[in-house]
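Me: Got a model open here and want to go through the aromatic rings. Can you take me through them?

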Amino acid sequence: MHPSKPLNLFFILTVMIRLCFADLPSFREAPAFRNGRECPQTTWSSLDKEIHNPTIIHIAMTLDTAYLRGSVAGVFSVLHHATCPENIVFHFVTTHRHGAKLTRAITSTFPYLNFHLYYFNTNLVKGKISSSIRRALDQPLNYARMYLADLLPAGVRRIIYFDSDLIVVDDVINLWSINLRSHVLGAPEYCHANFTNYFTAKFWSNSAFAASFKGRPRNPCYFNTGVMVIDLWKWREGKYTEKLENWMRIQKRYRIYELGSLPPFLLVFAGDVEGMEHRWNQHGLGGDNLEGLCRALHPGPVSLLHWSGKGKPWLRIDSKRPCPLDSLWAPYDLFRHPSLFSNS
């Protein structure tokens, strides 16, 4: 008789289960955020396919295991500074691979959060993605922002899109309320940036490609796609997903840019964007795409801090090499640090 064998097998199975979930961080439960007295009492259902309720704020973000800690901090920051947090609906886009685990993580961290989960079919872009200067930019989920009009219910007329490496330090209603006028998309523009650098010499030497910016309402300027306000109804009417996909196909053949999902947005929208205050995207805090060195804030007021670039605050904090501005992200970090001496 070997009575120890069942115990050993149980131990091995327990270890294997823990290893399977080891890639998913654990978080502290966020407090319940409630509406102020001035907030309109309203509800939203995904079944309301043709009804647009302007008092409901819709925010879209992607969810994956690598950036989950950043996504949780972003959601927490939005709720913390919102006057009417119960009137915010989050729309999370993920893949089938980790969908169930990510849903449990969000539900346990934000028990009172109004959110919906959508599965992105990565086959839509796998044959269209070209390698870029940083591997993270090549992930299929990085392109999901192009398909929000197809993924979300028809009743969602307007959406705020947020990357997973930012925090909001202002009431998001102020961003939601921007007047897009006739534009499909609104974002802070940076016209001082050298626009030609976002495309290769092969692009600018091709007269047909270079002429794609002619006829725009204004000269094209760089904008960061990590913070956008989008009119989904106009997007659908204009078939903008198809226009973005077309440039991705051209890229596969001619190699006209190096920066992942950003250049197609510039090719389709630059020069036809509703500009917003720069305070709504203090981007570049993660440094460049190669070294991720520390950077300072741009001059002016701040409503949103964005760690675009290679350096992410949670990775730098854990490595004991944080940048000064990472201390502004840390208060929104709900990550539950593991203990070597605790099973809790």
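Me: Where does the charged end of R34 sit?
Reply: Over the ring of Y112, 4.7 Å from the ring centre. The criterion is NZ of Lys or CZ of Arg within 6 Å of the ring centre and within 35 degrees of the ring normal. This is a predicted model, where local features need pLDDT of at least 70, side-chain atom pairs count only at pLDDT 80 or more, and totals for chains, interfaces and linings use all residues. Residues are numbered from 1 along each chain as its sequence is written, and side-chain values use heavy atoms, with hydrogens and water left out.

Me: And which ring does R158 lie over?
Reply: The face of W176, at 5.9 Å from the ring centre.

Me: Switching to ring pairs. How many aromatic pairs?
Reply: 28. Rings of Phe, Tyr and Trp (its six-membered ring) pair if their centres lie within 6.5 Å; planes under 30 degrees apart are stacked, over 60 edge-to-face, the rest tilted. Y198 and Y222 are a stacked pair, with 4.8 Å between centres and 0° between planes.

Me: Which parts does that pair tie together?
Reply: Y198 is in the loop between strand 6 (185-190) and helix 7 (201-204), and Y222 is in strand 7 (residues 222-223), so the pair links parts 24 residues apart in sequence. Helices (H or I, at least four residues) and strands (E, at least two) are DSSP runs, numbered from the N terminus.

Me: Are Y198 and Y222 buried or exposed?
Reply: Both are buried, meaning under 20% relative accessible area with a 1.4 Å probe, protein chains only.

Me: Which cluster has Y198 in it?
Reply: One aromatic cluster of Y190, F195, Y198, F199, F203, W204, F209, F213, Y222, W247 and Y254.

Definitions and conventions. Buried < 20%, exposed > 50% of the residue type's maximum accessible area, 1.4 Å probe, protein only.
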